[in-house]
Amino acid sequence: MRYTRWIVPVSMLSASFLLLLAYGLGEYWLGALAAAGLGLWGWYDLKKRKWVWGVDIFLVVAVLLVTVGAILELRLYLLLPALLFTLVFWDIARFQIRMADAPASQKLVDIERRHLSILGMVIAVGGVVAFVTLAFQVQLSFAVILILGVVLVISLGQIYRLLRS
Amino acid sequence: MITPSFWILSILFATMVITGLFTMNSTLIALSLPLNLYLLVAVFFAPGKQKLKASRSLSTDRITQGMDVTVHIQVTNEHARIEELHLSELSPFSVKDLGGRVSEHTTLAPGETVEYEYILQGWRGEYRFEGLLARVIEPFGLFEVREQLPAVGKVLVYPEVSNLKAFPIRPPQTKGFTGPIPSRKSGTGMDFFGIRQYQLGDSLRHVNWQKSARHSVDLFTNEYEQERIADVGLILDARPHCDIAFQGRRLFEYSVEATASLSEMFLGEGHCLSLLIYSVGIVRVFPGYGKVQQERVLKALATADTGLNYAMEHLRYLPARFLPPRGQLVYISPVSSGDLERIIRFRTQGYEILVVSPNAMDFERWNETDPEKPDFQLAARFAQVERDLIFNNLREAGVQIVNWHVDQPLSTVLDHIRIQNSLRQRTIQVLQ
């Protein structure tokens, strides 16, 4: 785990710090406290690795903080990287758990490298798409949003059916 | 198979989108896009039906306890590329892992093969490798396909066999082939058997000239005792009360080791040997000779274990028809008072019996944390008195006893008895 070893703590601390900063700058001290608590929890979980759901809890809390932050209209250039770092942390931490009992070998390095390249691509493309969407906002009527919502629900249903098959 | 991580991320994504829709906050929808892309890429890479071919080869399929066996596994991907493949044994086995990799994590291109091996060391028994569990996971770990790959194998771990010197036995009946046992019949042999009148055709080398000189007409010739092989029946007592276990060590293992060593000794001398394991059922190895028979005996002993069957709770249910008539019986058991009646009945039926008894009390004392405890001392004395009484009764019935203190090797104990017996015979000869 040559590459992923340092990515996990860095991404976790970055996500927590960015959330703390976003809530702090918006003077929502309760949210800032929650972000700080999240960072501490993430660090504790990283050191102990006692609970298999530790990384999932971090993801859920971080995404909820981002959601609330977006509703509270906090700084988006802090929330978006925080979300991306959270996703990186959650993915790499789970990858490390999956590979925990794998002995060091060239194969493992290959898997790690390939995993990181795919993840990097997804995060980069996701970040750019989100940024572009945030930068160039289009006003939609409620009816269009409703139609888009229906399309989304149908799409999700189709994906679910595809996965079930 | 969808992993819980997929549902967690999907719910979070849906939460962001639905909240965005309800609050009419487009920022939330935009922020949910990286999660959406992550999910879509996972769906794109989601593994379908796999075509994996696995094979297993073992360096040997039978080993003696303490030896190593190398397990070599080969898995070939005959389908699309696999991003993450986790291979592990389908059934966990309780053997000592000495090196190598029991599981493998790899990535496989179409047509590519992965090979790995590990070394195992097992206790006596039969170990079956059912197959491999292959977990095919897409890069993000949200989808997983589990497949059982048939790669069966079996290893038999034989009990340890210690070299024993020939132990003298005198069964009432021997077989027709030349062997090491005095047959109580005159014929060609080494030991002097008696003198009879010379008959035409007798070798002049065997004429007893001293005796003949005392007679005016008749000539006398020496007779020698024929040496033959015998029928030996080993009975291994595997009833639950014959076994005591302490921290992974079992008294029954000593019985099995003794049976294996004795079988090797008797077969090495050329005897016809059969084995009977008195356990949940009666496991029987039919009479036979030589190395093939030794293999059969070891195979039966490798899988021997104690078990309870109320129909076989007492030794008196052991049928005599399973045993060689008027042959040598070797009963390997810690011996309980309930066995006395049947053993003595065997004697009356014309069997010569040797009892090899691993000392259960020694075993307990050996494993006891505080053997000087008064309660333990008292219990040990009672048990010793009972054991002495059983052995006295057996000796009176003409049964030869080997009281095996399990902290000593069986060969030492048998040597000691062999010396005692020869001294006793010498004393009897001198007195006569």
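This is a predicted model: local features need pLDDT of at least 70, side-chain atom pairs count only at pLDDT 80 or more; totals for chains, interfaces and linings use all residues.

**Chain B, overview**

I counted 10 helices and 18 strands in chain B. Helices (H or I, at least four residues) and strands (E, at least two) are DSSP runs, numbered from the N terminus. Residues are numbered from 1 along each chain as its sequence is written, while chains are lettered from A and ligands numbered from 1 in the order in which they are written.

Next I checked burial: 32% of the 432 residues of chain B count as buried. Buried means 20 or more other C-beta atoms within 10 Å of a residue's own, exposed means 12 or fewer, and partly exposed is in between, with C-beta atoms placed from the backbone. I also looked at contacts (C-beta atoms, placed from the backbone, within 7 Å). Of those in chain B with a separation of 6 or more, 72% are between residues 24 or more positions apart.

**Strand S17 of chain B**

How many of the seven residues of S17(B) are buried? I found seven of the seven in this strand (residues 352-358), so it is largely enclosed by the rest of the structure. Glu352(B), Leu354(B), Val356(B) and Pro358(B) point one way, and Ile353(B), Val355(B) and Ser357(B) point the other.

Then I looked up its partners; strands pair if DSSP finds at least two bridges between them. S16(B) (residues 328-332) runs parallel to S17(B) and is joined to it by five bridges. Tyr331(B) has Val355(B) as its bridge partner in S17(B). Between S16(B) and S17(B) the chain passes through helix H7 of chain B (residues 340-348), in a right-handed β-α-β crossover. Right-handed means that, with the strands pointing away from the viewer, the path from the first strand over the helix to the second runs clockwise. S18(B) (residues 400-404) also runs parallel to S17(B), with five bridges joining them. Trp404(B) in S18(B) stands opposite Pro358(B).

**The five-stranded sheet**

I traced an open sheet of five strands in chain B, in the order S2-S9-S8-S4-S6, with mixed pairing. S2 (62-64) and S6 of chain B are the edge strands, each pairing on one side only. S2(B) pairs with S9(B) (residues 144-158) in the parallel sense over three bridges. Thr64(B) has Tyr158(B) as its bridge partner in S9(B).

**Where the chains meet**

I found 44 residues from chain A and 34 residues from chain B in the contact. On the chain B side, H1(B) gives the most, with nine residues. That side has 19 nonpolar, 12 polar and three charged residues. For the classes, Ala, Val, Leu, Ile, Met, Phe, Trp, Tyr, Cys and Pro count as nonpolar, Asp, Glu, Lys and Arg as charged, and the others, Gly among them, as polar.

**Chain A helix pair**

Last, I checked H1(A) (residues 4-25) against H2(A) (residues 29-48): they pack at about 170 degrees, with axes 7 Å apart. That makes H1(A) roughly antiparallel to H2(A). The residues of this contact divide into 13 nonpolar, five polar and no charged.

Cut-offs for the angles: axes are lines fitted to C-alpha atoms, for helices over the stretch in contact, and angles run from 0 to 180 degrees between N-to-C directions. Under 35 degrees counts as roughly parallel, over 145 as roughly antiparallel, 65 to 115 as roughly perpendicular and the rest as oblique.

Notes:
Two residues are in contact if their C-beta atoms, placed from the backbone, lie within 7 Å.
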